[in-house]
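Biologist: Could you walk me through this model with me asking as we go? I would like to begin with charges and rings.

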Amino acid sequence: MKYIIFGANSDIAYELSKILVKNNFEIILASSNIEKLKKKELFLSSIANKPIKSYCVDIQNDEQINNFFKLLNKDDYHLIICSGYLEIPESNNTKIMNINYFGPKNLIEKFVKNFQENMRKITCITSVASDRLDYKKKTYSLSKRNLSDFLNLKSKEFKKDQISIQNVKPGYVKTKMIKDINLPKILVIEPIIAAKKIFDNLHTNNENIYIPFYWKYILFLYNLLFRMKILK
């Protein structure tokens with residue numbers, strides 16, 4: 001089994017990559033920023049004591065995706081998508097929607113079409129924001145909701161092909177994406193914690209994974225308050 005990690009420059013993806021190579025799993029890295037990725041490739045190769053392959057692939061670029069496919073062998077694959085983009089305040093709605101929704105959606109559809117017999121699993125990071133009842137208020141939460149809905153739809157469709165889908169919904173993780181947001185420290189976890197939780201679930205049948213688990217209950221309370229506000 002080979003684990004292909006898209007958005008491999010993200011903080012969570014990098015920590016997950018370290019865990020995978022330390023446990024002797026074979027990984028392939030992909031990101032649009034090849035300079036940053038090459039530095040990670042060198043470090044991960046030193047941990048693995050063997051070369052780690054990395055490729056410049058923008059999930060919004062069909063030509064780059066198709067060229068990447070030509071480099072892959074007919075192995076068993078577990079696709080892991082860690083791509084994400086957040087703006088505060090939001091000014092480039094098209095970019096937010098493309099990176100968070102259309103890009104991952106396009107990648108999954110193309111991957112399954114080209115490697116249907118070799119696909120075993122798809123793990124995709126969305127966000128707890130996708131569960132908010134007021135998700136339409138922000139393009140970011142809307143894009144993550146659209147991606148979550150797509151994953152749920154495809155999960156049913158792909159079961160006949162024995163391809164399972166995991167929807168990973170992190171809360172606040174201490175990454176560059178939230179560096180400009182003032183948040184209570186108790187609600188923010190380190191990327192390594194999120195990566196460990198993802199790794200622990202990679203080989204389970206869990207379809208919806210909240211990181212940390214208590215976000216499921218926080219969202220329940222949030223949505224309850226939202227409903228009460230509407231009814232007033």
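Biologist: Which ring does the charged end of Lys40 sit over?
Modeller: The charged end of Lys40 sits over the ring of Tyr14, 5.1 Å from its centre; a charge counts as over a ring if NZ of Lys or CZ of Arg is within 6 Å of the ring centre and within 35 degrees of the ring normal. Lys18 also lies over the face of Tyr14, at 4.4 Å from the ring centre.

Biologist: Before we go on, what kind of model is this, and how are residues numbered?
Modeller: This is a predicted model, in which local features need pLDDT of at least 70 and side-chain atom pairs count only at pLDDT 80 or more, while totals for chains, interfaces and linings use all residues. Residues are numbered from 1 along each chain as its sequence is written, and side-chain values use heavy atoms, with hydrogens and water left out.

Biologist: How many aromatic pairs does the structure hold?
Modeller: The structure holds 14 aromatic pairs, where rings of Phe, Tyr and Trp (its six-membered ring) pair if their centres lie within 6.5 Å, and planes under 30 degrees apart count as stacked, over 60 as edge-to-face and the rest as tilted. One of them joins Tyr55 and Phe68, whose ring centres are 5.4 Å apart with planes at 65°, so this pair is edge-to-face.

Biologist: Where in the chain are Tyr55 and Phe68?
Modeller: Tyr55 is in strand 3 (residues 53–56) and Phe68 in helix 3 (residues 62–70), so to speak distant parts of the chain, 13 residues apart; helices (H or I, at least four residues) and strands (E, at least two) are DSSP runs, numbered from the N terminus.

Biologist: And what about Phe68 and Phe69, stacked or tilted?
Modeller: Their ring centres are 6.4 Å apart and their planes at 45°, so the pair of Phe68 and Phe69 is tilted. Both Phe68 and Phe69 are buried, where buried means under 20% relative accessible area, exposed over 50% and partly exposed in between (1.4 Å probe, protein chains only).

Biologist: Switching to cysteines, how many disulfides are there?
Modeller: The count comes to 0 disulfides, a disulfide being a pair of cysteine sulfur atoms within 2.5 Å. For Cys82, the nearest cysteine sulfur is that of Cys124, 8.3 Å away.

Biologist: Is Cys124 buried or exposed?
Modeller: Cys124 counts as buried because its relative accessibility is 0%, and Cys82 counts as buried at 7%.
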